[in-house]
Amino acid sequence: MPVYNALVAGIGGQGVITLGTLLKKAALKAGIHVSGSERRGGAQREGHVSTIIRYQWHEDGREADERHEICSPMLPAGSAHLLIGLEPLEAARLARYLNTASTVILNSFPLTPIPVKLGEAKYPPLEVIIEMLQRLAKRIYTWNLTEIAREEFGHSRAMNAICLGIASRVADLPVSETSLLAALQEEGRPADIECFRRGISLADAEYGQK
Amino acid sequence: MEELLRPQNEVILAMGNEAIARAGIEAGIGYFSMYPGTPATEIGQTFENLKDQLPDFYMEYSANEHVSLNGAMGASWAGARSMVAMKHVGMNVASEPAHFLGYTGVGAGLVIVIGSDPGATSSTGEQDDRWYSLHTHLPLLEPGTIQEAKDFTLAAFALSEKYSLPFVINAPSRLCHNIGDLRLGRIAPRKGRGEFKPNYQRYFNLFGQAVRNHQDCLDRVAALARSGDILAFNKIISGDAPWGVVTSSVNHLYAMEALEILGLFDVPVFKVGITYPFPSAQLQEFAKNLKKIVIIEDLEGFLEYQVKRHGFELGLKCEVIGKELIPPSGETNPDMALEALSRVSGRKIPEHISRAASVGDEIASSIPQRVATFCIGCPHRASVYAVLAATGRNAIIGGDIGCYTMASLPPFRAAEWCTCMNCGLSAAQGISHVGESKPIVTFVGDSTFFHSGIQSLQNAIANNADALLIILDNRWVAMTGHQKSPTTSLGVKGERMDGIDLKALLKALGATRVRMVDVFDVPRLRSVIADELVRPGIRIIIAKGECSLQSLRRERYVPPEYGEFYTIVRERCQRCGACYKEFGCPAIMEADDEVGEYYYIDEETCVRCGACKTVCPNSAIVLSRLSPRKEAQPEESLRSNR
């Protein structure tokens, strides 16, 4: 059974879970299986939050057999096709899931963890974080999405829909742009659609049409 | 959430917990209760959101798990199919009724759902609740997929009635919080009103009657074990290899993926869905030609114990290995299953996986940790900060369970212990009775206090203990997503509720010193703490401040442009770090421009609690009516926050 594995990483309050749920809803629209767990628990902020999205589908109408049905909540190392990092450090924390064919969409805007505020640790420069990710993944796409979201849409959380738009262009998602848009439309916020389109235009302007 | 009421055969996106709730709906339950606890909380949230659309259905968030399970027992006796959910440690509190339920049996089907937490990502422990079944004798199901979570739970109701035993569903957090597609089944018609049918022989356990019911319980479990009813929960995947895998729960999925990655398509797998009573006959059939059995499971080897025990009784000759390969603590994952099966088979883990794991772990260990902290505007930040300021850290500080558990994390590092609910004051009084000279301060949240803290406090007062109890009354069960607490008096839609008068309750328990302080006035809170610190006996401060997430929800429709803004006046700020480092509110950020580094308050995330204004020793934080965004601010400063 072919699979496609995506990860979203960030910190509490950024919208990691929401973005993951949108990617999963798109699977229902596309009529394929999806699973994947998330790290939640408590309403506390500023902690690491990540969610796993595993798409699975049947090839050539073949039904799943007991050996190949996965629907697992977790991922083995080196098996993510896509990592969306809403915060650079939190993307690096999940580097163990990357391989040379992985695509990384990275928001370059850093959020300072408490040990760094207290002077107990240093936040690595963005170039160093990108180098870390490059040890495993080759395709890394970076923007300051927080700034784009705030300046153009008035709120940093707009970056979630922007990320979806970018992903629809730079990653080989098994769900189409139409399915992603349908999932987004169900949320009932017309502004999200604009953000999604902005994501597409960002990806096209920077890296050309796929 | 509405999708959970869709008709049969539709496919929806559901969380494991929602699938379990849907099973309750399909079974036509009339009663649900729980004390909120991660990872099981969303089961209750689902019922809370749907309760008005379910006829003849009652739900409650109970004071604690003991009350919750006893309530469900009563509802079941009165003929309503009932469900109780709890986190794994909740079973300790519910264990008393759980131990009687086998004796008494049920009326209508009763299912107990336990959300377990291997890895303790949202708990103070990772106890393996499966062992409880060896002494409660309650049948134990371990679903692995979202679909199984629903299907097993639904099947459990009918079997619970057939054998007059409550069934336990054990769902690890990775299943509770797995979100994926779920195929729905038929919703059974709901029963009407309940009717208690007396059954004195069963329900009244005393002397010889208790002994007879004990035996009867064991007989019913034995009947279930011998029956064909347990077969459908298990699956044997055949193969010709001389060794096989026995697994349960989500670990089955990790094992199957690992076998596929290693190309081991001939290894037979026994996936056990009911681990108590154990399907012995199926083990015999599975193992008859095997030389070795490898067990892949989370935590302390319950499945391994069952296989070894039943294997011994069956006279199986094969070797059984489990916990030698996968540690009994921490959460199992696909990489651990891969490693274990690679070691047993001698097959190499593919290079792209082993390299990613080693390089990835090296990267993760080289970057700063991200520790969770209180939300922006959290009343607990103000309380913990005030305690540290008042005591100068020259006090023993007890922790407890709730959002304020994070008082132990940087920058505060302010709590010395945390184990179970109400460990704070309960342990503090013991410390005070043996001559400790430092003052003792101990925290408890409003919901935790009502869970089991009233007895602790009554005991401490009656025995003249010495401690300052700070009740952090944020008006909600906040940590688990804002369920109503006994003190909730105003809902997020502005609805009035009859919250308990906490102060009156404390007085009734015999407390002589009770003071109530608004936490967002930090200097006043600090001085009240300093004043109470030096007094003898039990002193109580109710640190009152609503969870900011809830007050924000209530004020969602007030456009921030017309609200109030807190800003740091750069000319007055001495960069002393009181707000940025010691108070540590995440909405206070650092930036730099040509003049130098400075602190600022992020307008987008600040919730305007005002606590930082009272913390600043230089009066540099001011309240203004004008958005700072509208003033000229250096472009660069917004770009870099360091």
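1. Let's start with the contact between the two chains, which draws 80 residues from chain B and 70 residues from chain A. Please keep in mind that this is a predicted model. The size of an interface is often given as the accessible area lost when the parts come together. Here chain B and chain A bury about 6,500 Å² between them, and 55% of that area is on carbon and sulfur atoms.

2. The polar side of this interface deserves a look too. There are 9 salt bridges across it, and 26 residue pairs of chain B and chain A are in polar contact, both partners being at pLDDT 80 or more. On the chain B side, helix α14 (residues 351-366) supplies the largest share of the residues that touch chain A, namely 12.

3. Next, the layout of chain B. Its domain assignment lists domain 1 (2-230), domain 2 (234-366), domain 3 (379-553) and domain 4 (561-639). Between domain 2 and domain 3 of chain B, the C-alpha centres are 46 Å apart.

4. Now for the interior. In soluble globular proteins, nonpolar side chains tend to be buried together. The largest nonpolar core in this model has 97 residues, and those touching the most other members are B:Phe32, B:Ile43, B:Phe47, B:Met83, B:Trp243, B:Ile296 and B:Leu341. Helix α6 (residues 146-163) of chain B makes the largest contribution to this core, with 7 residues.

5. Setting aside neighbours within four places in sequence, B:Phe32 contacts B:Ile43, B:Gly44, B:Phe47, B:Phe57, B:Tyr58, B:Met59, B:Glu60, B:Met83, B:Val84 and B:Ala85. There is also a second, separate core of 81 residues, with B:Ala460, B:Leu533, B:Ala587 and B:Cys616 among them.

6. Helix α16 (residues 423-433) of chain B is worth a visit as well. Its buried residues are B:Cys423, B:Gly424, B:Leu425, B:Ala428, B:Gln429 and B:Ser432. The elements covering them include β16 (440-445), α17 (446-462), β17 (467-473) and β21 (538-544) of chain B. After α16 of chain B comes B:Gly435, with a positive phi near 90°.

7. Most residues other than glycine have a negative phi, and most peptide bonds are trans. Against that background, the bond from B:Thr38 to B:Pro39 is cis, with omega near 15°; B:Pro39 sits in the loop between β2 (31-34) and α2 (41-50) of chain B. Another cis peptide bond links B:Pro410 to B:Pro411, with omega about 5°, and B:Pro411 belongs to the loop between β15 (396-398) and α16 of chain B.

8. Finally, two histidines have a positive phi. For B:His137 the angle is near 65°, and this residue lies in the loop between α5 (132-136) and β6 (140-141) of chain B. Is B:His137 buried or exposed? With 16% relative accessibility, B:His137 counts as buried, because the cut-off is under 20%. B:His482 has a phi of about 70° and is placed in the loop between β18 (476-477) and β19 (483-484) of chain B. B:His482 is buried as well, at a relative accessible area of 10%.

Note on methods
Residues are numbered from 1 along each chain as its sequence is written. Chains are lettered from A and ligands numbered from 1 in the order in which they are written. Side-chain values use heavy atoms; hydrogens and water are left out. A nonpolar core is a set of buried Ala, Val, Leu, Ile, Met, Phe, Trp, Tyr and Cys residues joined through side-chain atoms within 4.5 Å. Buried means under 20% relative accessible area, exposed over 50%, partly exposed in between (1.4 Å probe, protein chains only). Helices (H or I, at least four residues) and strands (E, at least two) are DSSP runs, numbered from the N terminus. Contact means heavy atoms within 4.5 Å. Buried area is the accessible area (1.4 Å probe) that two parts lose on being put together, summed over both. A salt bridge is a side-chain nitrogen of Lys or Arg within 4 Å of a carboxyl oxygen of Asp or Glu. A polar contact is a pair of N or O atoms within 3.5 Å; within protein, one must be able to donate a hydrogen and the other to accept it, and residues adjacent in sequence count only if both atoms are side-chain atoms. Domain bounds come from an automatic or database domain assignment.
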